[in-house]
Amino acid sequence: MAYDKVQFITYNLDTSAAPAALGEARQNIDARLALLSRALNQAAANTGSPPDESLKVLVTPQQFLGCYSLADAAYALHSVQQLLAAPCWQHWALVISLQAKSESAAPMTLCLVQLGAAVALGQEQIAQYLTAWQGGRDLSAGQRLGQGYLLAKRAGEGLNPATGATFNLAEIQWGLELADDGGQRRAPLPPALPGQPGVQLQLALSCGLDFRPQPLAVLEGGLVCHCDGAGFGSGLWRLENGAASALTGQAPEPVSDAPIELGSPLASLPVSSLYPKGAGKLRAFTPQPLPPAAPAPGQVQTFNWQVSEQAKLDLTLFYDQDGQFLCAQCQAALPGVNLAERPYRLPLTLCIRDSQGQPVVLKLRLQSCNGLQDLAINCNLDLPHFKFSGIAMVFCSTLRGDAPAPITAWKESGFV
């Protein structure tokens, strides 16, 4: 359904200290989710039932659930969905993260944005997604998990700036920003490209980052919520006239430190066994109007190169509101190659084999050139049935009233 307002509640607790060993990983997960359930119920009691047109979003800090094997990470994500499946969590959303590890690849940071009162996806299906990601599948596409959205980020890699960190859930365009270096260094989410859905709500999770709300990726009037897990608290900002304005919230309220009651073999567990600095605090911010959905401002030019009957390249140029060039993207349709029908931002290097085992090479990069059209796309395309190496098109870095149109290699015999 469409929402008119959103209320953010942040769960501020220290996730940076290594917890004591609790035995089996799934007992650890169950215990952490029991504490999360306590915090959720306390947040619901303190803020009241949301009206139908309002969405409440509980944001937890980076690394809230800890680090687990792929199988246990799938169990944790499935359990989170089950936790929020009850009808009482309608008009709620939860933002939660953990790490997944294996012996053969770098750990992945996973973040789930989950709507309440929704059917949980099967644990085996979630495990298949994680295994594919860990095995080298492109992380940038994200993964819809029923009424949730899961994004993954390998250590040392950024979320894909074209599509991977933005998604639509509950008819709202979200943006997600996960900090690097164990949650301590900001990796800013870039704004949506012109013509693409603009980000209405931006989430920033960290663990040891003193967040500064510039730059921001949201549309004018958009909201940005940050939650940290190592003493830097949380904040909420609205983008107004190009600048971030801090919004007020209630005084943080402690979450009960009472022992967590579990089944055998751990009948009762101190919260300090999970989080050495205690159960943390909840901070509820004043409900805010949701900015209307809109495309990001700017100008877009797309050029279609029909390389052959089977192969096509769509090259798109993006310019800001002032006509300044921002970036270029390519969406390729190549025979025998599955590129998921998604665009890739230049520079692009693709060296793979098609379904027949034949090598396929696509390399695209931007370069400067002389003349009225002062930028060019250099292309190296090597297909079993077609080869091209050189300048694919030239174009202007600034769009003015007298700016000459781009010239493409497939329509012109030469360049100016």
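Which residues do ring pairs link into a cluster with Trp305? Hold that thought while you get your bearings.

**Before you click**

You are looking at a predicted model, where local features need pLDDT of at least 70, side-chain atom pairs count only at pLDDT 80 or more, and totals for chains, interfaces and linings use all residues. Residues are numbered from 1 along each chain as its sequence is written, and side-chain values use heavy atoms, with hydrogens and water left out.

**The whole chain**

Start zoomed out. The C-alpha trace spans about 80 × 50 × 35 Å along its principal axes. Of the 416 residues, 51% are buried (buried is under 20% relative accessible area, exposed over 50%, partly exposed in between, with a 1.4 Å probe and protein chains only).

**Stop 1: helix H1**

Select residues 25-47. Helix H1 has 23 residues and reaches 33 Å from its first C-alpha to its last, close to the 33 Å expected at 1.5 Å a residue (the expected span is 1.5 Å times one less than the number of residues). Step just past H1 to glycine 48, which takes a positive phi of about 80°.

**Stop 2**

Now show the side chains of aspartate 14 and lysine 277, which meet in a salt bridge at 3.4 Å, N to O (a side-chain nitrogen of Lys or Arg within 4 Å of a carboxyl oxygen of Asp or Glu). Aspartate 14 is in the loop between strand S1 (5-12) and H1, and lysine 277 is in the loop between strands S16 (268-269) and S17 (281-284), so the pair ties together parts 263 residues apart in sequence. Aspartate 14 is buried at 12% relative accessible area, whereas lysine 277 is exposed at 67%. The count of salt bridges comes to six.

**Stop 3: the five-strand sheet**

Go to the open sheet with the order S23-S24-S25-S26-S27 and antiparallel pairing (two strands pair if DSSP finds at least two bridges between them). Strands S23 (348-353) and S27 (407-408) stand at the edges with a single partner each, so one side of each has no neighbour in the sheet. Inside, S24 (residues 359-368) and S25 (residues 375-383) pair over eight bridges. Pick leucine 362 and you'll find leucine 381 in S25 opposite.

While you're here, select aspartate 382 and lysine 387, whose side chains form a salt bridge at 2.4 Å, N to O. Aspartate 382 is partly exposed at 28%, and lysine 387 is exposed at 59%.

**Stop 4: the rings**

Back to the opening question: the cluster holds Trp305, Phe386, Phe388 and Trp410. The whole structure has 11 aromatic pairs (ring centres of Phe, Tyr and Trp, its six-membered ring, within 6.5 Å; planes under 30 degrees apart are stacked, over 60 edge-to-face, the rest tilted). One of them is tryptophan 305 with phenylalanine 388, edge-to-face at 5.1 Å centre to centre and 85° between the planes. Tryptophan 305 is in strand S19 (residues 299-305) and phenylalanine 388 in strand S26 (residues 386-395), 83 residues apart. Both are buried.

Definitions and conventions
Helix = DSSP H or I, 4+ residues; strand = E, 2+ residues; numbered from the N terminus.
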